[in-house]
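Please examine the sequence together with the structure before reading on.

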Amino acid sequence: MTKFRAFIQRMKIKFRTFFHGPQITTIYGVRTESDFSKEVGGFENDNEKTSWVEYRDFDGTLVHRSANVQLKKWPEQIGASVGAIR
Amino acid sequence: MANTQAISTSFKGELLNGFHQFGSPTIVSRTSLTAPTADSFKAALYLASGSQGAAITAYAATNEVSGTGYSAGGIAVPAWVAPSTSGTTGFTTPGGSLVYTTVTLTTAFDAVTIYNSTQGNKAVSTHTFGSQTITAGTLTLTMPTNAAGTALLNLA
């Protein structure tokens, strides 16, 4: 039953996308992307490369924010050493 | 040619595979001693106001994020790439991204702690990143290149 509901949900999104354009998940549920203002951004440093996308309502309410954080490296090497036999 | 004092590189890879046991701790059975299954690991997110770091020994809910779509304890970590060695380093990395799908986490968070959920939630590592919030969206933590010096876990 859960799989059937998920299938119906996917079909609904495909239907809306076909007729209304790309859909996004918002605090109001799944809505048409073009109904909101979109802003993307990101930054990069030695530790990460991050990008994010935000959608806001006409009154500035944040309705969706997603982020992708690309971890670049292990921040600290685990050292290993052996003791001398004297 | 002189002898050189060193830890065997192969030993580093073998540690990641659990070949060696110097003590006699009480551990959760891995079903078979000769062909053990891999442990399961989880990844929990922590608030920017938290204090995760080298001192933690196990998963704890203190300062963990909470919000719609997020379950306490976090998500399962994809299976790790088979531990390997290169140069004098042993290393491994999860085989896929950590994806927190359709969550709302409005209080800023900046760390993920990976822990062994098979072995009493023992802590493995904490990784920090720029402070984030998520609103009805998805947080994807993409893993670094699985190579010596960049892998998520390095025994150098």
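Helices (H or I, at least four residues) and strands (E, at least two) are here DSSP runs, numbered from the N terminus. On that basis chain A has one helix and five strands, and its order along the sequence is α-β-β-β-β-β. The model is a predicted one, in which local features need pLDDT of at least 70 and side-chain atom pairs count only at pLDDT 80 or more, whereas totals for chains, interfaces and linings use all residues. Residues are numbered from 1 along each chain as its sequence is written, chains are lettered from A and ligands numbered from 1 in the order in which they are written, and side-chain values use heavy atoms, with hydrogens and water left out.

Two strands are said to pair if DSSP finds at least two bridges between them. Strand S1 (residues 23-26) of chain A and strand S2 (residues 29-32) of chain A are antiparallel and share four bridges. Ile24(A) has Arg31(A) as its bridge partner in S2(A), and two residues separate S1(A) from S2(A) in this hairpin.

The hairpin of S3(A) and S4(A) has three residues between the strands. S4(A) is also joined by nine bridges to strand S5 (residues 62-71) of chain A, again in the antiparallel sense. Here Trp52(A) has Ala67(A) as its bridge partner in S5(A). Five residues lie between S4(A) and S5(A) in their hairpin, and Gly60(A) in the turn has a positive phi of about 90°. In a regular strand the side chains alternate between the two faces of the sheet.

Two totals describe chain A as a whole. Of its 86 residues, 28% are buried, where buried means under 20% relative accessible area, exposed means over 50% and partly exposed means in between (1.4 Å probe, protein chains only). Contacts are defined by heavy atoms within 4.5 Å. Among contacts in chain A between residues at least 6 apart in sequence, 21% join residues at least 24 apart.

In chain B, three strands form an open antiparallel sheet in the order S3-S4-S7. S3 and S7 of chain B are the edge strands, each pairing on one side only. From one strand to the next the twist averages 30°; axes are lines fitted to C-alpha atoms, for helices over the stretch in contact, and angles run from 0 to 180 degrees between N-to-C directions. S4(B) and S7(B) are antiparallel partners with three bridges, and Thr92(B) stands opposite Leu153(B) in S7(B). H1(B) packs on this sheet and touches S3, S4 and S7 of chain B, its direction making about 25° with that of S4(B).

Which residues of H1(B) are buried? They are Phe11(B), Lys12(B) and Gly13(B), and these buried residues pack against strand S3 (84-86), strand S4 (89-92) and S7 of chain B. After H1(B) comes Gly18(B), whose phi is positive, near 75°.

Positive phi also occurs in chain B at residues other than glycine. Thr31(B), in the loop between H1 and strand S1 (41-47) of chain B, has a positive phi of about 75° although it is not a glycine. Thr31(B) counts as exposed because its relative accessibility is 72%. Thr102(B), which belongs to strand S5 (residues 98-116) of chain B, has a positive phi of about 45° and is likewise not a glycine. With a relative accessible area of 41%, Thr102(B) is partly exposed.

On a 1 Å grid over the protein atoms alone, a cavity is a set of points where a 1.4 Å probe fits but cannot get out, and a pocket is an open set with protein on both sides within 12 Å along at least five of seven lines; lining residues have an atom within 4 Å of a point. The largest pocket is lined by 42 residues, and Leu15(B), Leu16(B), Gly18(B), Arg30(B) and Asp39(B) lie nearest its centre. Helix H1 (9-16), strand S6 (122-142) and strand S7 (153-155) of chain B are the elements that give two or more residues to this lining. S6(B) gives the most, with four residues.
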